[in-house]
Amino acid sequence: MTMEWDCVVVGAGAAGLIAAERAAARGLRTLLLEKNRKPGVKILMSGGTRCNLTHDTDARGIVEAFGPRGRFLRAALARLGPRELVQLFHDEGVPTKIERTGKVFPCSDTAVDVQQALLRRLHRASAVMATGEPLRDVEAYGEGFQLRTPTRILNTRLLVVTTGGLSYPGCGTTGDGYAWARQFGHAIVPTVPALAPLRSSSPWIAGLQGVTLDEVQLRLRIDRTASASVAMNGPAGMVFTHFGISGPAPMNLSRDVSYAPPDARLIAECDLFPHTKLEVLVERLKEACRAAGKKHLANILGGLTPQRVADTILALGGFDPNRRGAEVPRSDLQRLGQLLKCLPIEITGTLGYPKAEVTAGGIVLDEVDPNTLQSRLRPGLYFAGEILDLDGPIGGYNFQAAFSTGWVAGSQLTANRLLPDLGSGQ
């Protein structure tokens, strides 16, 4: 059976749901194809099933968070920035809240509310959604495209690919869109896992399993050369695990770990007091030892950082944990302060795509018009969301990019570009 559409959107994630709704709202006969049995699977599982929609910043803040590639998002964010996105969900009966970290969540702490709001918009716009129907093949067909699924052939004048990357493959994001992009001449920046927990070979890590630190600063050292510092928005949290380290700070560093040379030695230098300069920290240690001169050094340091962390650092530095505070020489306090400001953690890699929140790499941005999200190589072909070479830090930035690019891609499709009569079938 052959069917004709004005627009087919492939992938019912954040970008695809928005793009299909926008296209249908503009009067196009729109079909949204999704391989999973339900739409928005990644939305439903993100943020611990709470869905971190965006970040409490403006369009400029989102652009800066993505680094040099963030410039590509300027036009999209001008159309749908963080405040407009929040208002969109408020209008759908999903109030939001801002947490201390700047992350924006639905007040209900329920990702289903986000998914359902997007589905309501899709239904009102009269878009058609087909779930459990994967796209098998795409090819040029006249001025449009012919798509094949396991059950039918689809002809469409406009095609929007929002299939995501390779992260969380259990969500159905298995990189299908990259092959279709290559078919039409697009180059792909090599992809790697990003926003993933980090593995460590440091033997002392296991003893700290479960310990959480609210704010640390990490810097990746590659072969003794400063390579990258973590977190666009300052220090972030970290948790020690049985395999290494996780939490926002390590996950923000994972892109650099993934792209590091395979034979490189990687060390994450951890600053446990990122808001305190070394000389100030040493004076603070000196004062703590003076004020509690009869206490053991382990107990004194345990008042400044979790006790298990304190014990580990003293052992790593060769300090006597039972030495009285009044007996600790300034030279030891200086050395202790340096270790607290630069605790070395051996890194052996990430947990890979199964635990990565996003994919770094993707379709080369120069080959896509940022004002329309249309391919510069094939008219009528659009890309939005994670399939593009765009990945930002943890904190809602990546969802914002997906929503914004999906909005622009769908909004650029006009009803006067309807599918010509391509015939009745093959």
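T49 counts as partly exposed, at 46% relative accessibility; here buried means under 20% relative accessible area, exposed over 50%, and partly exposed in between (1.4 Å probe, protein chains only). T49 sits in helix α2 and has a positive phi of about 70° although it is not a glycine. You are looking at a predicted model, in which local features need pLDDT of at least 70, side-chain atom pairs count only at pLDDT 80 or more, and totals for chains, interfaces and linings use all residues. Residues are numbered from 1 along each chain as its sequence is written, and side-chain values use heavy atoms, with hydrogens and water left out.

**The chain overall**
- The protein chain has 13 helices and 19 strands, which are DSSP runs numbered from the N terminus (helices: H or I, at least four residues; strands: E, at least two).
- Along its principal axes, the C-alpha trace spans about 90 × 45 × 35 Å.
- Of the 426 residues in the chain, 58% are buried.

**Two loop residues**
- Y168 also has a positive phi, of about 50°, although it is not a glycine.
- Y168 lies in the loop between β9 (153-161) and α7 (176-183) and counts as buried at 18% relative accessibility.
- N36 belongs to the loop between β2 (30-34) and α2 (41-49), and is buried with a relative accessible area of 17%.
- Leaving aside neighbours within four places in sequence, N36 is in contact (heavy atoms within 4.5 Å) with V41, T131, G132, C171 and G172.

**Nonpolar cores**
- A nonpolar core is a set of buried Ala, Val, Leu, Ile, Met, Phe, Trp, Tyr and Cys residues joined through side-chain atoms within 4.5 Å.
- The largest one has 77 residues, and those with the most contacts inside it are F89, L147, L159, F383, L388 and F403.
- Apart from it lies another core of 46 residues, among them L198, I222, I300 and A310.

**Where two helices cross**
- The axes of helix α9 (residues 278-291) and helix α12 (residues 330-341) come within 9 Å and cross at roughly 125°; axes are lines fitted to C-alpha atoms, for helices over the stretch in contact, and angles run from 0 to 180 degrees between N-to-C directions.
- That angle makes α9 oblique to α12, because angles under 35 degrees count as roughly parallel, over 145 as roughly antiparallel, 65 to 115 as roughly perpendicular and the rest as oblique.
- Residues of α9 including L278, L281 and V282 meet residues of α12 including R330, L333 and Q334.
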